[in-house]
Amino acid sequence: MHVAVLGAGYAGLTVARRLERRLPDDVDITVVDESDTHLVQHELHRVIRRPALREVITVPLDEVLARSEVRKARITDVDTDAGVAALATDDGTEELDYDYAAVCLGAETAFYGLSGVEEHAIPLKRLEHAGAIRESVLAAPGGEAIVGGGGLSGIQVAGELAALSDAESLDLDVTVVEMADRIAPGFDAAFADTVRAELEARGVHIETGATVESADDDTVHLADGRELGYDTFVWAGGIQGPAATGGDRPEVRANLRVGDTTFVVGDAGRVVDEAGEAVPAAAQTALREAKVAAANIRKLVRDGDEGGEDGFEPRLDTYRYDSPGWVVSVGDGAVAQVGPVVMSGEPAKAAKAVIGAGHLGSVGAIGRASDLVRTELGWPSADDIDLPAQLLALSHVGRLATLSDPASPGDIQYPLAGAGLAFTDAFAPGSVDLTPFTRLADRNFPDGPASHVGDALSTGIGLFGAMASGSGTRPESDDGEEE
Ligand SMILES: Cc1cc2nc3c(=O)[nH]c(=O)nc-3n(C[C@H](O)[C@H](O)[C@H](O)COP(=O)(O)OP(=O)(O)OC[C@H]3O[C@@H](n4cnc5c(N)ncnc54)[C@H](O)[C@@H]3O)c2cc1C
């Protein structure tokens, strides 16, 4: 029996790690990705300002996968009827047969055929894009930077550009151009308004109801006839399916199954959840869908299409979209929404850092997780602080992480949040207090570490710790195993 996981982003890596632990040893698992590293894409915009973060947000796949065969290859086609993926490698082309597969290829940037936009704009999907954006703005101090698209990535890119401009005294003019009547369309108005206020406070201009029609080598042309000159043009205007599926994002039902043997997970598909709601393309939904897909593949491997001993096809789990909230960075600030509550400032910043670190921790990249928290929150580096104290703190982060289910991001975020706060304690001048570390392991400890840093931060962390624990999945485990 052979299971293929095609793509190793949020969805693919999560599916693969869960299958490694849940499938019998005699089932072969192959993970195929065109890169040999996992990219924490929701932090990609940070690399524009802080190139060193590139090492922190890329995780070598062979460090975080235990028994899968990792293949570096470009997938050019997936035949779900035949159960075959076509691969292009450095040595030529080949076919990979599978019994079950998860297609987790993510999405690509959509340029919608807008004249000149693909030719002149820089998208942001890969590390080299972040590098190209940085080079472009550094080469044009005093210049104009246009960001096409005011969704999750456009907002965060604009915030980074404004912060980079400040840090390097570039005097950039940053403008976000969004065709909807507000930025962050699709999110609650209170969230969108707060993001807008945070961007504007950093000098970013926002043009809403402004549709990009075309671009040439120095001007973006809007549908209303306006022309915006630019030195840097970033395009974050939308996504389309991967080339391997013909650019389509197929509609996928809540059990994520397409055909008998194949599942589509994450941005690669347009998932409709068990309530019939369209699920947004996002890291958090990809991670949660991955748990459902892994559970379903395991059931099919165990029972087969024709069913187990009782002869019935196994009842597959379904995905229910249930977002705990949203967090975006805006330069050195952040905006978070938890339920109806919208926060900015320190709680939102802490939540953003913890979510990224929580994901890294959940895939076993503990060192990178603590590096990310430290960088995001501006905590001291090894050069600035007492090394033994830092090592001690790091070892506790690692120990706490292993206390959690390493394949379950939700479970790890609270300990990591607490561990992050314990870092603060550890770095307080002159002492390392071990008490917070021991308290961290206990979620229910009444006087947990969050209380050390004031009510506001504690609220932010606590809310996010709690919400991160919600899986958004409806397990139908018939064997009592938690999925
Ligand atoms: C700048 C930015 C900021 C964002 N911020 C947020 C945020 O704050 N919150 C949030 O929830 N989401 C955010 N997102 C969106 C989020 O990153 C995506 O929704 C998420 O990455 C989707 O996960 P995935 O596993 O489906 O795909 P991906 O993470 O894109 O993974 C796809 C994988 O497939 C591989 N692959 C693709 N094509 C091929 C091929 N043909 N052959 C072989 N391998 C292939 C890729 O190398 C990659 O490893 C952001 C995105 C960007 C770009």
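This is a predicted model: local features need pLDDT of at least 70, side-chain atom pairs count only at pLDDT 80 or more; totals for chains, interfaces and linings use all residues.

I looked up Phe-187 first: its relative accessibility is 15%, so I put it down as buried (under 20% relative accessible area; exposed is over 50%, partly exposed in between, with a 1.4 Å probe and protein chains only). Residues are numbered from 1 along each chain as its sequence is written, and side-chain values use heavy atoms, with hydrogens and water left out.

**Aromatic rings.** I pair rings of Phe, Tyr and Trp (its six-membered ring) if their centres lie within 6.5 Å, calling planes under 30 degrees apart stacked, over 60 edge-to-face and the rest tilted. That gave me four aromatic pairs. Phe-187 with Phe-191 is a tilted one, with 5.5 Å between centres and 40° between planes. Phe-191 is buried, as is Phe-187. Phe-187 also pairs with Trp-326, this time edge-to-face, at 5.0 Å centre to centre and 90° between the planes. Helices (H or I, at least four residues) and strands (E, at least two) are DSSP runs, numbered from the N terminus. Trp-326 has 12% relative accessibility, so I count it as buried. I logged Phe-187, Phe-191 and Trp-326 as one aromatic cluster.

**Helix pair.** How do α6 and α7 cross? The axes of α6 (residues 127–138) and α7 come within 11 Å and cross at roughly 45°. My axes are lines fitted to C-alpha atoms, for helices over the stretch in contact, with angles from 0 to 180 degrees between N-to-C directions. I therefore call α6 and α7 oblique, the class left after under 35 degrees (roughly parallel), over 145 (roughly antiparallel) and 65 to 115 (roughly perpendicular). Taking contact as heavy atoms within 4.5 Å, I found Ile-133, Arg-134, Val-137 and Leu-138 of α6 meeting Leu-161, Leu-164 and Glu-168 of α7.

**Positive phi.** Most residues other than glycine have a negative phi. Ser-169 has a phi near 50° and lies in the loop between α7 (152–168) and β12 (173–178). Ala-184 also has a positive phi, about 50°, and lies in the loop between β12 and α8 (189–201). Which is buried and which exposed? Ser-169 is exposed at 63% relative accessible area, while Ala-184 is buried at 0%.
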